[in-house]
2 protein chains.
Amino acid sequence: MGRRDSENIMQDGDDRKDGTEAVKGTQTLMRALDIMDEVIDGPIRAADLARKLGMSKTTAHRLVQALKSRNYLSVTRDGFALGPKLLQLGVLATEQIDYVRVARPFMELLSDRTGFCVFVGKREGDWSRHLDRVTGTQRLRVATAPGDRRPVAETGLGKALLLDEDEATWERLYVEAKDGKVTPAQIQAYVTEMRGHKARGEVLHDSELGDGVRSIAVPIRDAKGQICIAISIASAAHYLTDDLRDGLAEQVMRSAEQISGAVGYAGPR
Amino acid sequence: MGRRDSENIMQDGDDRKDGTEAVKGTQTLMRALDIMDEVIDGPIRAADLARKLGMSKTTAHRLVQALKSRNYLSVTRDGFALGPKLLQLGVLATEQIDYVRVARPFMELLSDRTGFCVFVGKREGDWSRHLDRVTGTQRLRVATAPGDRRPVAETGLGKALLLDEDEATWERLYVEAKDGKVTPAQIQAYVTEMRGHKARGEVLHDSELGDGVRSIAVPIRDAKGQICIAISIASAAHYLTDDLRDGLAEQVMRSAEQISGAVGYAGPR
DNA sequence: GATACGCTTTCCTCTATATGGAACGCCCCG
DNA sequence: CGGGGCGTTCCATATAGAGGAAAGCGTATC
C-alpha cells in the first residue's frame, strides 16, 4: 500500500536522473535504497526515517534491520549509520573501476555530436599523459595519440588537470614547461588565464606550437571530489571558432559531468 | 559499568552463506543484496545471476534494473559491475567512520571478559599513539593514557602496527628507538622475534622499562586490508602468565577480527 | 541467407510477500 | 507517576513481486 504523499512534500528522496523512471515491481528495494540515501546525510533514527520517507514505523524498522543484518548499516548511539559493507564495496568498486573504459562511451557520444576529436588524459606528476581518444568525423585530425606525454602546463588537457592547484603551482609548472625561458609578464598572463579557466571550470587552449590547434578541456572528478582525469575536444582553430566556443564548451562540460557521475562524483559537498 | 551501548554497535553478523533468511519480510531486498554480493566477484550477466541465485530471469532482470537505476550497478561490456553510487557511499562511509568509536564496545567486551586493561592505538610515522583505553577490573592498572606517544618499535601496540612492514624497516625503527645503542645481536634477536609475531599475527611484549608490564597486541585492518590501528591488553607479567597467554591471545585476536569486520575488512583477498 | 541459440525485455496472472495498524516494553523527562 | 519518545512483535489483508510465456536482438553456425 503506497501511503502516497501525505507528509513527504519537501523531501521525496528519489532524484531520478536523466528522465530514467522508476523500475516497477521493486517497492521494497527502492524503499531500502531510499533509506540508504537518508543515512548518507549522517546517522538517523528509524522513526525519523519512517516519517521522512512516509512509511510505517514497522516497515522502516524491518528494512533497517535487514540492511543491518547485511552490514549495509551499522547502529550508533544516535541512530543508523553507513555500515562496514559499504567500506568494502567502496574499495572494491574503486579497484575495479577503469576510468578509460567508463569514459569511452561518453567520449564517443561527444564525438558523434560535435564531430571533433575527443581525448582523455591524466596527470603524471608534472606531465599530462594522453590515455585514449576518439577520432572525430572531421577531415582534419589532431595527431596526439594515446600514450603521449606533454608538460602538464602546456596542453589544454593538462591545464584542466591543474584547475584545483594553487597559483604558486601553476607558476612553477609553467616555468618548468618553458624551461625557465619566460618573462614575469608571461607568467602573470598565464596565471591570470588559469584563474579565468578555473572560474569557468573549463579550459580554452590554443596550441603554443603554432600549428593552429585549439582545444576545450574540462576536468573530471572522482568520488573523493578530486580531479582524476580530464576530457577535451580538439581541432584546428579554423573549425573550432569563437562563435561555436560556448556551445561546445557547454557540451564538453556536460560530458565531463556525466563521466564524473559515472565514476562516483556526487557534486561539491 | 562498562556496558552502556556496547551491544548495539556490534553487528551480530548473520552469515549470508547460502541460507539467506534472517529478517523475515524482505525477500526482495535480500535478493537484491545477494546480487550485489555476486557482482563483487566481478562483472556478471543477468542470466548468470538468475541461475546462480536460483531466481527467474525475470526477477533477476527486474532487480538488476532497479539497482542500475539507482547507480548501485553499472553496465559493462561483459555484464553488470559495481556502480558509481558505491564509490560515493564508500568514500562517505570512510569519512564518517571513527575507529575509536567503532572499537570502543569491543574493547569493553574484551575488558569485561578478561579483566585486563585494553588499549587501542595507531601509528604516527615512527611513533605509536595511544588513542583510547578501557580500564580493566584488576586492581593493578597500566598507566599509559590516551594521547601518549612512544617509539613504535618498543611497545606491544606499536609492534602490532608494524607487522606488515619489511625486515629492513623493523631494523631501522628498532635502532632509532634505541637511539643507536644496540648490538648487532640485539637487532638480530628483535627481527627474529618480529618474524615470529608476524607468523602468529599477534604480539607478546614485555616492557623494556623493567616495570614488569606485559601485553598482547593484535593489528586491526581496514577495508583496504591495511593495518589501521591495533588493540592490546596489558597487565603485570604476574597476572598475564604464560599459561594464560594462549587463551588471552585467542580472545584479543577474535576482538581484533570483529573490529576489522566493523571497519570494513573483508579478509585477505 | 537461413536457422538456431542465448540474452534481454515486456506482458500478464496469481499468490506468497510485504504492509501498516495496534499493542507492548523500555527509557527519559517533567 | 503519567506522557511521549523510541524500538520491537503480532497479525489480517491487499498488493507488490514472482515467474511463465513469448516477443525482440544480436551473434554464432551451417
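1. Just after helix H3 of chain A, Asn71(A) takes a positive phi of about 70°. Helices here are DSSP runs of H or I with at least four residues, strands are runs of E with at least two, and both are numbered from the N terminus. Asn71(A) has this positive phi although it is not a glycine. Most residues other than glycine have a negative phi. The residue is found in the loop between H3 and S1 of chain A. Asn71(A) is buried, with 22 other C-beta atoms within 10 Å. A residue is called buried if 20 or more other C-beta atoms lie within 10 Å of its own, exposed if 12 or fewer, and partly exposed in between, with C-beta atoms placed from the backbone.

2. The model is predicted: local features need pLDDT of at least 70 and side-chain atom pairs count only at pLDDT 80 or more, while totals for chains, interfaces and linings use all residues. Residues are numbered from 1 along each chain as its sequence is written, and chains are lettered from A and ligands numbered from 1 in the order in which they are written.

3. What does H3(A) itself look like? H3(A) has 13 residues and reaches 18 Å from its first C-alpha to its last, close to the 18 Å expected at 1.5 Å a residue. The expected span is 1.5 Å times one less than the number of residues. Its buried residues include Thr59(A), Ala60(A), Arg62(A), Leu63(A) and Val64(A). Among the elements that cover the buried residues are H1, H2, S1 and S2 of chain A, together with H2 of chain B.

4. Asp179(B) is found in the loop between helix H8 (167-177) and helix H9 (184-200) of chain B. Is Asp179(B) buried or exposed? Asp179(B) is exposed, with 8 other C-beta atoms within 10 Å.

5. How are the two chains related? Chain A can be laid on chain B with an RMSD of 0.1 Å by a turn of 180° and a shift of 0.1 Å along the axis. The two copies are thus related as by a two-fold rotation axis. The superposition is by least squares on the C-alpha atoms of residues with pLDDT of at least 70 in both copies. Of the residues of chain A, Gly90(A) comes closest to the rotation axis, at 1.9 Å (C-alpha).

6. Across the interface, 42 residues of chain A are in contact with 43 residues of chain B. Contact means that the C-beta atoms of two residues, placed from the backbone, lie within 7 Å. On the side of chain A that touches chain B, H4(A) gives the most, with 11 residues. By class, this side of chain A has 22 nonpolar, 15 polar and five charged residues. Here Ala, Val, Leu, Ile, Met, Phe, Trp, Tyr, Cys and Pro count as nonpolar, Asp, Glu, Lys and Arg as charged, and the others, Gly among them, as polar. Because 86% of the interface residues of chain A are also interface residues in chain B, the copies meet through the same surface.

7. DNA strand C is surrounded by 20 residues, the closest being Ser56(A), Thr58(A), Thr59(A), Gln27(B) and Ala46(B). A residue is near a strand if its C-beta atom, placed from the backbone, lies within 6 Å of it. The surface near DNA strand C has four nonpolar, 11 polar and five charged residues. Around DNA strand D there are 21 residues, with Gln27(A), Thr28(A), Ala47(A), Ser56(B) and Thr58(B) the closest. The surface near DNA strand D divides into four nonpolar, 12 polar and five charged residues.

8. Helix H10 (residues 242-262) of chain B has 21 residues and reaches 30 Å from its first C-alpha to its last, close to the 30 Å expected. Leu248(B), Val252(B) and Ile259(B) are among its buried residues. The buried residues of H10(B) pack against helix H4 (84-96) of chain A, and against helix H6 (99-114), strand S7 (213-221) and strand S8 (227-236) of chain B. Gly264(B), with a positive phi near 100°, follows H10(B).

9. The largest nonpolar core has 150 residues, and Ala230(A), Ile231(A), Val263(A), Ala230(B) and Ile231(B) have the most contacts inside it. Such a core is a set of buried Ala, Val, Leu, Ile, Met, Phe, Trp, Tyr and Cys residues joined through C-beta atoms within 7 Å.
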